[in-house]
Structure formats: structure tokens, C-alpha cells
Amino acid sequence: MINIKYFLKGFFCIKTVNSPAIALFASFIAIGALFKSIGLNIQESIFSTFLTYALPGSLIMAESLIVGASLLNIFLAVWLVNARLYPMTVSLFPLLSHKSQPKLKYYLACHFVAVSAWLIMKENYKSVERKYRLDYWIGVGAANVSVAVSATAFGFFIADYLNQDMMIGLAIVNPVYFTCVMVGAMTNIQMSLAVMLGSVFGILFYFISPEWCILFGGFTAGTLAFFIGELNGN
Amino acid sequence: MAINVLLAILATSLATYISRFFGVVTSKKVKEISKIFKWFNCLAYSTLSALLARIIIFPAGALAEADYFIRFIVIFICLIVFLISKKNFVYPTVLSALLLTFLNSSF
């Protein structure tokens, strides 16, 4: 079912210098501590990270629980903020497809689509034989989820020892890591424009609708970047 | 707490999985070398960038308590460190937590 050799190869990508492990660990420590402070128990905290495995969604859930939002509200807010996973999946899975892999495996493997694993895969897919890319991807995803789950548990247990300044310090690690990754990804006109316009339009649309700004801003910026890049030979 | 935590967790994970699921469904028709694929690649990076800008400029949670100006200084210094360290990811990420904790407790 899974080629162990490629699974392990993907799994141990987490050890490389460019790995998101530190950023992932720091931000999920903060999530674990936050979960404890709003009254979740350890099982619920681990269960939440394992099942959701997408940071902004978990943050929204935690905030919604604090203000007592309805289930439908939580569902819609999380869907909106995590809808970015849709273009991410569409821009990754064609690279992983191979006729020898069972269809069900793709639907299970897509659970691992989150920024951290996605970026590792985007960087490494060319070095992996096409037939085994899905197994490699499952390895990468499993490693990232393991880091996230352990960090959540760790954060839950050390919550009482973290003061507010430390929590703020932990919260910046992930944005800084991804800012660096985005700057690193600006290798041609299209990518550079996608990244720069994305941040500009994301903010502009915030003034129109804070809920929809990521989707509208991302869509406008990505489409503009695509067309300008095409006109200028990428 | 007004609603059941377990149901909230399930709603959150379902809302997250939906985008991944439809991503797989759509991706079956998308060829790696097509224009559509390139367009989606742009969309993926720009939406991530939009999310990032929102987190940094209009943060939710703990980050909102750090001053606007301090957040910018930290991001700016870390980016410089990233660029002069030949794109090493470890230095800026570790530095960011220490720097923000220090600056926030000092000012």
C-alpha cells in the first residue's frame, strides 16, 4: 500500500535546515497552551490538531469557543480562512499523480495539505520518482503532523509556565518563517508578483471585508500575477 | 462554553478538509504543464501571501498584543538576517521569538 522506503525518505525531510519544524513546533506550542487556557482537555487538544492540522483554522475555533459562536459560524469562518488549501491542493496533486496509486489514497493523503508540508513537497518533488511521489508526500505529511501533535501536547503541559510575552514571541515565529519562504519563492516575475500583490490585495480587501479578504485578495493578486507573468514570458 | 467542544472540533476539521477534498477532485483534470496549473500555482502563493499579510498587520490572538511598530521591526530584522545568512531559515525563526519577547517586555 505504501512504499516504506519513500515514506521514510519523505518523513526525514523534517530534519533538513530548510524544514519548517521549528516554526511548526513553536506555533503549535502556542496552540496547545491556548487550548488549555480556554478549557479543552489534553485529548481534545491532540484530537483537534490531528484532525484539523491547519493553524489559522484552529485559532479561529479557539476564539469562537471563547466568544460562544455557533457551530455554523465556526464552520463558515474556518472554511473561509482555510479555503486557501484548495488552490494549494490543485497546484500540488497533479505533480503527485500516477496511475499505479489507488484513488482512495489521494483522498486520505490530501489531509496533509498545509503550508509547511506543501512547501517541502514543492521544493523536493522533482528529486522523487513520479511513481512514488505520493508515498513520499505521505511521509512528509506524517512527519509534519507528528511535530504539530507533539508540540500541541507539549504546549498544553507547559502552559502554566508561559507568560504573555513568551506567547507573543511564539506567535511571531510562524509568520516570520513563512515570510522568509515567500521571499525565497520569488524566483521569477510571476511568483514575485503573486507574493507581493497577494500581501497588498489581502490588506486592501480587509477594509472591505475582513472575512473574505484572503480569498478575494489572493484571487485578484494571483490572477493578475498570472496574466502579467504570461505577457512577460513569466 | 456554549457549545460542545467535540462538535466544534469536528466542524473545524470538516470545514478544513472540504477545501483539500475538492482540491483533489479538481486536480484530476489539471495537467502539470497546463496554464491552469500555473494559474493555480499563482493563486496558491498569493492567497498564502494575503493570509500572511493579514496575520502580521491585523493579527488575532497573542500577536495582537504586540505593538504594530515592534512587529514590523522584528519582521524586517529577521528578513535581513534571512537574506544575509544565504537564506537560512533557522536563524530568523529562532531570532524572531527571542526578539519579539525581549522588545515587547522592554517597551
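How many residues does the contact take from chain A and from chain B? The points below start there.

1. The model is a predicted one. In the contact between the two chains, 88 residues come from chain A and 73 residues from chain B. On the side of chain A that touches chain B, helix H11 (residues 164–184) of chain A gives the largest share, 19 residues. That side of chain A is made up of 61 nonpolar, 23 polar and 4 charged residues.

2. On confidence, the predictor assigns the complex an ipTM of 0.89 and a pTM of 0.88. The average pLDDT of chain B is 90, and 97% of its residues score at least 70. Within chain B, the highest confidence is in helix H1 (residues 5–27) of chain B, at 95. The lowest is in helix H4 (residues 90–106) of chain B, where the mean is 90.

3. The largest nonpolar core holds 122 residues. Those with the most contacts inside this core are A:Ala30, A:Val78, A:Trp118, A:Trp137, A:Met167 and A:Leu170. For A:Met167, setting aside neighbours within four places in sequence, the contacts are A:Ala30, A:Ala33, A:Leu162 and B:Ala62.

4. Helix H1 (residues 4–11) of chain A has A:Tyr6, A:Phe7 and A:Gly10 buried. Viewed down the axis of H1(A), the buried residues lie within an arc of 105°, so they line one face of the helix. Helix H10 (133–158) of chain A is what these buried residues pack against. A:Ile4 and A:Lys5, on the other side of H1(A), are exposed.

5. Chain A is assigned domain 1 (4–174) and domain 2 (186–234). Between the C-alpha centres of these two domains of chain A the distance is 24 Å. Their contact takes 4 residues from domain 1 of chain A and 5 residues from domain 2 of chain A. On the side of domain 1 of chain A that touches domain 2 of chain A, 3 residues are nonpolar, none is polar and 1 is charged.

6. Chain B is split into domain 1 (1–30), domain 2 (31–60) and domain 3 (66–107). The C-alpha centres of domain 1 of chain B and domain 3 of chain B are 33 Å apart.

Conventions:
Residues numbered from 1 in each chain as written. Chains lettered and ligands numbered in written order. Predicted model: local features only at pLDDT ≥ 70, side-chain atom pairs only at ≥ 80, totals over all residues. Contact = placed C-beta atoms within 7 Å. Helix = DSSP H or I, 4+ residues; strand = E, 2+ residues; numbered from the N terminus. Nonpolar A, V, L, I, M, F, W, Y, C, P; charged D, E, K, R; others polar. pLDDT = per-residue confidence, 0-100. Domains from an automatic or database assignment. Buried ≥ 20, exposed ≤ 12 C-beta atoms within 10 Å, placed from the backbone. Arc of directions from axis to C-beta. Core = buried A, V, L, I, M, F, W, Y, C linked by C-beta atoms within 7 Å.
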